[in-house]
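Biologist: I'd like a close look at a single part of this model, with its surroundings brought in as you go. Start wherever you like and take your time.

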Amino acid sequence: MGLFLPTYFSPISQYKVMTNTDEIVFEVEDNFQKQTYRNRCYIYGPNGKQLLNIPVKHNSKSLKKKTKDTLVDNSSPWQSQHLKSIQIAYRNSPFFEFYQDDLEPILTKEYKYLLDVNIDSFLFITDALQIAQTHSKTTSYQISIKEDYRYLANAKQELDINFTPYIQMFDDKHGFLKDLSILDLLFMEGPNTISFLENN
């Protein structure tokens with residue numbers, strides 16, 4: 001059993017650990033923190049590393065809010081912006097068309113809670129990879145657990161990982177960018193994504 005934070009189209013490093021974990025538990029009782037992959041991911045755009053950020057509502061009455069209660073701010077068209085950015089970045093990739101129809105509902109459906117976006121993005125990836133990962137959510141905050149992978153959601157922390165480079169859309173311009181969103185690997189490697197994660 002591994003404890004993870006629910007994140008938005010998680011980085012490759014998180015899925016590397018997830019594919020080698022029998023049971024995934026999502027921590028939802030912790031306090032929401034900024035600058036994490038909870039509401040952001042990075043793709044490979046024409047100009048290099050590109051941030052996709054989900055705006056969230058901030059409650060002025062309370063400084064703290066739980067991950068499970070974090071509200072999406074739909075006052076800006078973030079979903080259409082994300083979809084357009086992903087299309088521009090990957091429409092010529094080997095496998096984008098293969099997954100596009102299953103991806104689009106996440107970027108067109110209106111969400112109230114950030115957690116629902118993240119769970120849907122997780123389910124999209126596990127379905128695309130054809131892995132039957134069981135998952136559950138915490139009912140109380142977990143202070144310590146043996147297999148604690150919550151640190152993988154920290155966007156500010158540079159992980160010391162060495163993945164085998166794979167071909168990326170704009171690597172001829174900007175070189176290899178490691179540990180982007182799992183979407184980057186999926187659109188470039190398709191069905192080979194799961195073996196890449198297992199072998200690295």
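Modeller: Let's start where S1 meets strand S2 (residues 23-26): the two run parallel and are joined over 3 bridges. (Strands are DSSP E runs of at least two residues, helices H or I runs of at least four, all numbered from the N terminus; two strands pair if DSSP finds at least two bridges between them.) One specific link has Gly2 with Ile24 of S2 as its bridge partner. Zoom out and you get an open sheet of 3 strands in the order S1-S2-S5, with parallel pairing. Strand S1 (2-4) and strand S5 (134-137) are its edges, each pairing on one side only. On average, neighbouring strands are turned by 30° against each other, direction ignored. H4 packs on this sheet, where it touches S2 and S5, and its direction makes about 170° with that of S5. (Axes are lines fitted to C-alpha atoms, for helices over the stretch in contact, and angles run from 0 to 180 degrees between N-to-C directions.)

Before going further: this is a predicted model, so local features need pLDDT of at least 70 and side-chain atom pairs count only at pLDDT 80 or more, while totals for chains, interfaces and linings use all residues. Numbering starts from 1 along each chain as its sequence is written, and side-chain values use heavy atoms, with hydrogens and water left out. The chain's mean pLDDT (the predictor's confidence in each residue, 0 to 100) is 92, with 98% of residues at 70 or more.

(Phe, Tyr and Trp rings, the last by its six-membered ring, pair if centres lie within 6.5 Å; planes under 30 degrees apart are stacked, over 60 edge-to-face, the rest tilted.) Tyr44 and Phe170 make a tilted one, 6.0 Å centre to centre with 50° between the planes. This pair links distant parts of the chain, 126 residues apart: Tyr44 belongs to strand S3 (residues 40-45), Phe170 to the loop between S5 and helix H5 (171-174). Both residues are buried. Tyr166 and Phe176 are edge-to-face, because their centres are 5.4 Å apart and their planes are at 85°. Since Tyr166 sits in the loop between S5 and H5 and Phe176 in the loop between H5 and H6, that pair ties together parts 10 residues apart in sequence. Tyr166 counts as buried at 7% relative accessibility, Phe176 as partly exposed at 30%.

Phe176 also contacts (heavy atoms within 4.5 Å) Thr164, whose partners beyond its neighbours within four places in sequence are Phe176, Phe196 and Asn200. Thr164 lies in the loop between S5 and H5 and is partly exposed, with a relative accessible area of 48%. Its C-alpha is 22 Å from that of Tyr149, 15 residues apart along the chain.

How values were computed:
Buried < 20%, exposed > 50% of the residue type's maximum accessible area, 1.4 Å probe, protein only.
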